[in-house]
Amino acid sequence: MLDSLKVTVLAEDSVPYESPLLGQHGVSFWLEAERKGHVRRILVDVGQNPDALLYNINQLQIPLHQTDAIVITHCHYDHTKGLSAILKAIGKRDLPVIAHPSLFRLNFITDPFFRHVGVMQGDEADDLRKAGAELVPAADPLQLMPGLSTTGEVPRVTDFEEVGISLSTVTEDGRVEKDLMKDDLALTARVKGLGAVVVTGCSHAGIINILRHCLKKEERLEGVIGGLHLVEASEDRIEKTVSALGEFSPSLVAAGHCTGFRAQWALYGAFRERFATMGSGTVFCFYGQTEKGDKSE
Ligand SMILES: [Fe+2]
Ligand SMILES: [Fe+2]
């Protein structure tokens, strides 16, 4: 269990009112996970514009060189482009970069025209290694520290969720197949006395599938932070998602990036003060509680 968790949004599609920071289509989070007096710092995704990301990192005075690990939630360029440049800016050797083993596959749309939307040239496995990465291709949940794990591959169990975008891939023997985004993973942080905080990139696996997969039986959901990829979802899917999310009774639903206005509006209607948008620079803090309910810090 963590004693505290601080999530800073380093980049997002929007910026808060009067913010001096830059927005971009994509997300990046900075996690500070504290346990027994030690803070570990994890960079989750890097957006698609490293210059804009580094600008925000500077403005926010984030100690990037203290990054302990990087987690990449899935292959899409708006989460991975410029990762080599960010690794170089971090300047470490053998820095763990945790992602699904299929991260570097071809991943493309064909409407309005063929376009690869996965990991771009310059950020392929060898480039990342040269820039200081120790690649950790893990399909299973991976514990970064007690109280903080990736979800690994997420089983698809609901009947109303799908990837949210029509994507294809090409197999090693040249077969063209629908790409179901098996690489989509999230992070689960467990904060003492509060419950689980789930940080997700785009939720291509479906946010309800993600939550059902990563929450232990009877475990409390404290918060969800990230993109829910409901931007093109049917009203039916949005309604079912909001209702299923309500059953977890989270204290915070911070949904931005690819969530889309209609889903944000529906989530706001259901969760009111427990709903939040996010933008570059938004911070969410979770302080663990002792058994008596006192703050642990
Ligand atoms: Fe995305
Ligand atoms: Fe995505």
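In this predicted model, the site of the iron ion (ligand 2) is irregular, with angles of 87 to 174° among its 4 donor atoms. The protein donors lie 2.2 to 2.8 Å from the iron ion (ligand 2), and the table lists them by atom.

| Donor residue | Donor atom |
|---|---|
| His74 | NE2 |
| His76 | ND1 |
| Cys202 | SG |
| His204 | NE2 |

Along the chain, the donors of the iron ion (ligand 2) follow the spacing H-x1-H-x125-C-x1-H. Distant parts of the chain are linked by the pair histidine 76 and histidine 204, which are 128 residues apart. Histidine 76 sits in the loop between β4 (69–71) and α2 (77–80), and histidine 204 in the loop between β14 (195–200) and α5 (207–214). Both histidine 76 and histidine 204 are buried.

The iron ion (ligand 1) and the iron ion (ligand 2) are 3.4 Å apart, with cysteine 202 coordinating both.

Turning to another residue, threonine 169 belongs to strand β11 (residues 168–170). Threonine 169 has a relative accessible area of 10% and is therefore buried, the cut-off being under 20%. Its side chain reaches the backbone oxygen of leucine 106 at 2.5 Å. Leaving aside residues up to four places away in sequence, threonine 169 touches Arg105, Leu106, Phe108, Arg175, Val176, Glu177 and Asp179.

How values were computed. Residues numbered from 1 in each chain as written. Chains lettered and ligands numbered in written order. Predicted model: local features only at pLDDT ≥ 70, side-chain atom pairs only at ≥ 80, totals over all residues. Heavy atoms only, no water. Donors = N, O, S within 2.8 Å, 3.2 Å for Na, K, Ca; no water. Tetrahedral: all angles 85-135°; square planar, octahedral: opposite > 155°, others 65-115°. Helix = DSSP H or I, 4+ residues; strand = E, 2+ residues; numbered from the N terminus. Buried < 20%, exposed > 50% of the residue type's maximum accessible area, 1.4 Å probe, protein only. Polar contact = N/O pair within 3.5 Å; in protein donor to acceptor, adjacent residues only side chain to side chain. Contact = heavy atoms within 4.5 Å.
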